[in-house]
Amino acid sequence: MAAGALALLGLFAFPMWSIWLEAPQYPKGSELGIFIHINTIEGSRPNDLDNINNLNHYIGMKRIEADAIPELKYMPIIVLVLVGLGLVVAGIGKRWLILVWLGLLIAAGALGMYDFWLWEYDYGHNLDPRAAIKIEGMSYQPPLFGSAQLLNFTAHSYPAIGFGFIVLGSVLAAAAWWLGRIPTKRVEHQRILP
Amino acid sequence: MKRERIWMQFVLSILAIFTIAACSNDGSNKGVGVATDAAQRVYVAPGEKDEFYNFVSGGFSGQLAVYGIPSGRLFRVIPVFSVDPEKGYGFTEETKPMLNTSHGFVPWDDAHHTDLSQTGGVADGKWLFINGNNTPRIARIDLTDFRTKEIIEIPNSAGNHSSPFSTENSEYVVAGTRFTVPIPNADIPISEYAEKFKGALSFVKVDKTTGRMEIAFQLIVPGFDYDLARAGKGPSHDWMFMTCYNTERASTMKEINASQNDKDFILAINWKKCEELAAQGKGTIANVEYAHNVYNDETHTATSTIKKSVRVLTSDDIKEALYYIPTPKSPHGCDVDPTGELIVGGGKLATVIPVMSYSKMLKAIASGKSDKIIDGIRVLPYKDCLAGEVQRPGLGPLHTEFDGKGFAYTSMFVSSEIVKWSLKDFKVVDRIPTYYSIGHLSIPGGNSTKPWGKYVIAYNKMTKDRYLPTGPELTQSAQLYDISGEKMKLLLDFPTIGEPHYAVAMPAALIMKQSRKMYQLMENKHPYVTRKEADTKVVRNGNDVHVYMTSIRSHLSPDNIEGIRVGDKVYWHVTNLEQDWDVPHGFAVIGNNNSELLIMPGETCTLLWEPKKAGVFPFYCTDFCSALHQEMQGYARVSNGGSAPLTWNKK
């Protein structure tokens, strides 16, 4: 269980989501990428985010800047709280608490995805009316999951390595719950923990 | 009936003869030895890349052209010794110093020979060196951004032809003079040529890490015409071999007067020994004047320094380091095989190709025998140095390259062919025509210790009927031959810029991985850089107006400027703020007596404009950068005198 909780710390090292933008001018191998971490947003290469922002001014999209996104300040705290709670659950060693923790983790994940969609909606719809390129009825919301065509760009939105740590954390917690059925294992398990 | 048949047969046979004649005529223009699968062999499908870079000297264009092999496609012309308004080279304030010389600004030269920097006798992909023949210079080109980074003028020299051939680890590149002159140059009668004119052979040291060049020492030698050179390799590492003609020391009608001697020479120079003697302080420091121009990557700006002295060693100082090897007749090319043992002379007027042996030369030196002594330099006996002669090779042998598989390939100017011969027995094994009159030839790595011997490329002096005619001035051309088999096969003709002389090729994989995509804006130390739009401004300093301008898709900042006066010197310092691949911006002003700017991402370039009339003058981006490129424009207002303050629109 403790390992499951600690696995979430991987989110501090790896991005949890990625959006890749491909276009005739940015072919495969030279496409622009955005990595979304729990505490920041950055380009796949040093200048990618600036280049995306520069291109987005044609359609009047706001600049994507980590400082302007409050979620990036909350998310690390939420993750740390989840890690802490996970460790407490491991310490207490009550099986049903593992299920509660898993529920919290999934709820946080679902909320996060909803918030991500809202964020994408805001950037994709809330456009500068003086933008050079205006197309009736066109919005530029990237897909939540999967690929979509936005003018000359194809946007691909998929989970990244960090997301794998959420999955790993859940699987480990679920495994702890499952193995906890056998009392000897639990004893062993508790002994390993300080 | 019988008579009818006879006449019928007569008519048919005439028809047959004409048909055959017509067919064979058609065939002869395509060339002999064309590979049946030539189209496949040179076809590089859309989106695929060539196997080799081919760096081809631009001859009288003064530039360097970059082609792909096997496709023969031209990718880039790198400006070196000639101005290039397209790239602003020689027009921008940053690049004008590159073309400075002791004669002032020289906007053109004649670039003949390329050589790559080497480690262990193999091209290392760092730099390319190229000579300027007319106003003696050597340039260094950086192979990460394909730009000229340094040009050094060679004093006491005239006609920098036997240049810029590199030693095995690029310790030095050499610069021998083809036209001898009085040293120091002086107002003396030309009839005193034989006594007073001397040859200067310069050894230019190359810094291992920065590539920076400096003239380490000059050898002052008898006044012959020093033509081409190659450094030794392996056992002969310490030596440089240099052909010379006009050992008759004729100053007029050289065509006849310099073609009298049956043998001229290859000069063998022990540069290592010269280096030691120079280090011991041998020779003298001569007063000279030459320009040394260096482009700084951080400031994106070149500076030119006039240097005043050079160490010269006369043949008296370095007797034991110089030997003449007799070579038939008016030799041109001087090429050393991959093992470093054989030195091939290409006697323009010779009936054989002489091959000298390095080890035999050492024995001949040790034997103490000499045919004669010229200005203190021993002339070794021809036979004692000779490894062998290639008999009946063809007419007009010029240059030789090697495939690393035991064969040499010599270009024959007069008989217009490439001749393949064996380095074991010096027997000709194959020959193939060139169209027409081949000069240099090049095998990728063909001058190195490890040739990539897959192709040989011919650089021809005439094309006549090979291409669509374009008036009296026809295209120049190169031809690609497959040498992977026993027989050479013609694969492709491709046009070249200027007149191609020597060229070098190396595997694309070694260069493309280090290719620069942009300059880092944050590392830009140009004194007039503007790193963000908020910092753009216009500053007056007397009659000088400095515009700190930025360009980014799709606008220039500032784009409305007022308060410029007739008679001002306006310096447009434009910084390209882009940090994205393949997004240059251009800049031009109406009526400017100058070129455009072409600014790479992260770079700052400066264009000088001296408005002569009052009015409103548009400027714009010249490189179609984006969908709203056409909107990327602005206005400068010029007033007649007055004291209107400078104003500009701020972001």
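Predicted model: local features only at pLDDT ≥ 70, side-chain atom pairs only at ≥ 80, totals over all residues.
**View 1. Chain B is split into two domains.** Domain 1 of chain B covers residues 7-512, and domain 2 covers 521-648; these bounds come from an automatic or database domain assignment. The C-alpha centres of the two domains lie 43 Å apart. Residues are numbered from 1 along each chain as its sequence is written, chains are lettered from A and ligands numbered from 1 in the order in which they are written, and side-chain values use heavy atoms, with hydrogens and water left out.

**View 2. Here domain 1 of chain B meets domain 2 of chain B.** On the domain 1 side, 15 residues are in contact with 17 residues of domain 2, where contact means heavy atoms within 4.5 Å. About 1200 Å² is buried between these domains, with 47% of that area from carbon and sulfur atoms; buried area is the accessible area (1.4 Å probe) that two parts lose on being put together, summed over both.

**View 3. Arg147(B) and Glu603(B) join their side chains in a salt bridge.** The N to O distance is 2.8 Å; the rule asks for a side-chain nitrogen of Lys or Arg within 4 Å of a carboxyl oxygen of Asp or Glu. Across the interface of the two domains of chain B, the rule finds two salt bridges. The domain 1 side that touches domain 2 is made up of three nonpolar, five polar and seven charged residues (Ala, Val, Leu, Ile, Met, Phe, Trp, Tyr, Cys and Pro count as nonpolar, Asp, Glu, Lys and Arg as charged, and the others, Gly among them, as polar).

**View 4. Six strands of chain B form an open sheet.** Follow the order β42-β41-β44-β45-β39-β46, with mixed pairing. Strands β42 (597-599) and β46 (647-648) stand at the edges with a single partner strand each, so one side of each has no neighbour in the sheet. Strands are DSSP runs (E, at least two residues), numbered from the N terminus, and two of them pair if DSSP finds at least two bridges between them. Strand β39 (residues 560-565) runs antiparallel to β46(B), joined by two bridges; Glu562(B) has Thr647(B) as its bridge partner there.

**View 5. Chain B touches chain A.** Each chain brings nine residues to the contact. The buried area is about 780 Å², 44% of it from carbon and sulfur atoms, and the count of salt bridges between these chains is zero.

Methods. Helix = DSSP H or I, 4+ residues; strand = E, 2+ residues; numbered from the N terminus.
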